[in-house]
Amino acid sequence: MIKRNLPFAAVAVIALVAAPLLLEPFRLGLLAKYLCYAIVALGIGLAWGKGGMLTLGQGVFFGLGGYSMAMYLKLQEAGPGGLPDFMVWSGVESLPALWTPFANPVFAVGMAVLGPVLLAVILGTLVFRQRVRGAYFAILTQALAAAMVILLVGQQGLTGGTNGMTNFFELFGQDLADDSTQRGLYLVVASVLGILYLATRQLVGSRYGRLLVAVRDGEDRVRFLGYDPALVKTVTFAASAGMAGLAGALFVPVVGIISPALLGVVPSLELVVAVAVGGRHALAGAVLGAVVMGYAKTAFSEQFADGWLYLQGALFILVMTLAPKGIVGIVGRLRRARTA
């Protein structure tokens with residue numbers, strides 16, 4: 001058990017101690033952004049890798065969490081009785097009732113997690129009870145992401161429309177532009193990711209985790225044994241949605257923006273691709289894939305401004321061709337070859 005935990009402990013020490021000391025504030029902020037995506041990827045790894053539910057709409061839950069936090073930050077910036085800047089530009093004369101509770105930070109953070117969980121429970125109950133699975137479930141979640149973007153863009157005075165929300169200056173009284181604040185945010189994101197990873201790994205290793213894998217491999221057999229596959233899948237789907245919502249809430253103060261472009265079909269697909277690159281059957285692979293793809297996107301765009309998308313696509317094709325089980329699969333083969 002100790003040997004199995006050593007890699008995690010080493011990575012945790014590097015993430016929490018070495019990274020803030022070695023990286024300049026800009027690069028540390030980028031790493032924090034990658035780790036936010038890694039939290040979403042962890043949820044996808046749980047739902048898809050362990051549960052067999054290919055969800056192509058995690059951007060919806062990520063966006064719900066992000067907009068919840070953004071609403072709180074904009075209200076803090078506006079002050080008592082004030083209106084967020086984009087509402088003033090849109091001609092809104094009074095604060096919409098929907099916004100009022102988000103002046104409370106506890107409510108905003110709670111809704112960032114509970115909102116996605118509740119939506120996932122409703123959707124999962126309706127879908128899994130009808131035994132919708134496979135490609136049909138994937139298409140349904142993808143359609144949900146597309147519908148969410150249309151809704152957000154169409155509500156200019158309520159959500160900021162296409163531009164979304166930005167220009168956040170303070171979080172709980174701390175200046176977001178200050179390097180120490182950004183360093184603190186990085187440590188929070190890294191700690192949350194570590195805690196969620198350990199909790200998810202514990203869940204997968206439990207009796208429930210074995211039942212989830214059994215549902216993935218033989219749903220009808222599990223049903224005949226007296227279990228309820230719909231309930232098992234709904235709980236897992238809701239857990240992955242909660243992770244995505246929390247990641248969105250952390251993403252907003254780290255990056256400083258939330259918009260429909262960050263939670264549509266394409267971003268959702270990119271997260272699934274990242275999980276596949278890392279290795280969807282391993283939780284560590286999902287996290288690793290998100291960080292690798294995030295870093296590759298930044299590095300390629302900086303070095304090859306005109307063709308970085310082709311390079312990113314080539315990276316995905318190369319990994320999937322040579323290692324269908326992702327980077328974790330490559331590491332596993334090398335380890336077996338060394339001990340053979």
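Start in helix 10. Select R223 and D220: they lie three residues apart in this helix, so about one helical turn separates them. The model you have open is predicted. Now show the side chains. R223 and D220 form a salt bridge, with the closest N and O atoms 2.9 Å apart. Colour D220 by accessibility: at 34% relative accessibility, D220 counts as partly exposed.

**Widen the selection**

Keep them displayed while you move on.

**Next stop: R216 and D217**

Select R216 and D217. Here is another salt bridge, and its closest N and O atoms are 2.9 Å apart. Are the two partners buried or exposed? R216 is partly exposed, with a relative accessible area of 31%. D217 counts as exposed, because its relative accessibility of 58% is over the 50% cut-off.

**Then D228 and R129**

Select D228 and R129. The closest N and O atoms of this salt bridge are 2.7 Å apart. Which parts of the chain does the pair link? D228 sits in the loop between helix 10 (219-224) and helix 11 (229-255). R129 belongs to helix 5 (residues 105-129). Check the surface at both ends. D228 is partly exposed, at a relative accessible area of 27%. R129 is partly exposed too, at 47%.

How many does a search of the whole structure find? The search finds 10. Side chains of opposite charge can pair when their charged atoms come close.

**Last stop: helix 2 against helix 12**

Select residues 25-50, helix 2, and residues 265-278, helix 12. Their axes come within 9 Å and cross at roughly 70°. Helix 2 is therefore roughly perpendicular to helix 12.

Now show the contact residues.

- From helix 2, select Y37, V40, A41, I44, G45 and W48.
- From helix 12, select L271, V272, V275 and A276.

Colour this set by residue type. What is the make-up of the contact? Nine residues are nonpolar, one is polar and none is charged.

How values were computed. Residues numbered from 1 in each chain as written. Predicted model: local features only at pLDDT ≥ 70, side-chain atom pairs only at ≥ 80, totals over all residues. Heavy atoms only, no water. Salt bridge = Lys/Arg side-chain N within 4 Å of Asp/Glu carboxyl O. Helix = DSSP H or I, 4+ residues; strand = E, 2+ residues; numbered from the N terminus. Buried < 20%, exposed > 50% of the residue type's maximum accessible area, 1.4 Å probe, protein only. Axes fitted to C-alpha atoms, helices over the stretch in contact; angles between N-to-C directions. Parallel < 35°, antiparallel > 145°, perpendicular 65-115°, else oblique. Contact = heavy atoms within 4.5 Å. Nonpolar A, V, L, I, M, F, W, Y, C, P; charged D, E, K, R; others polar.
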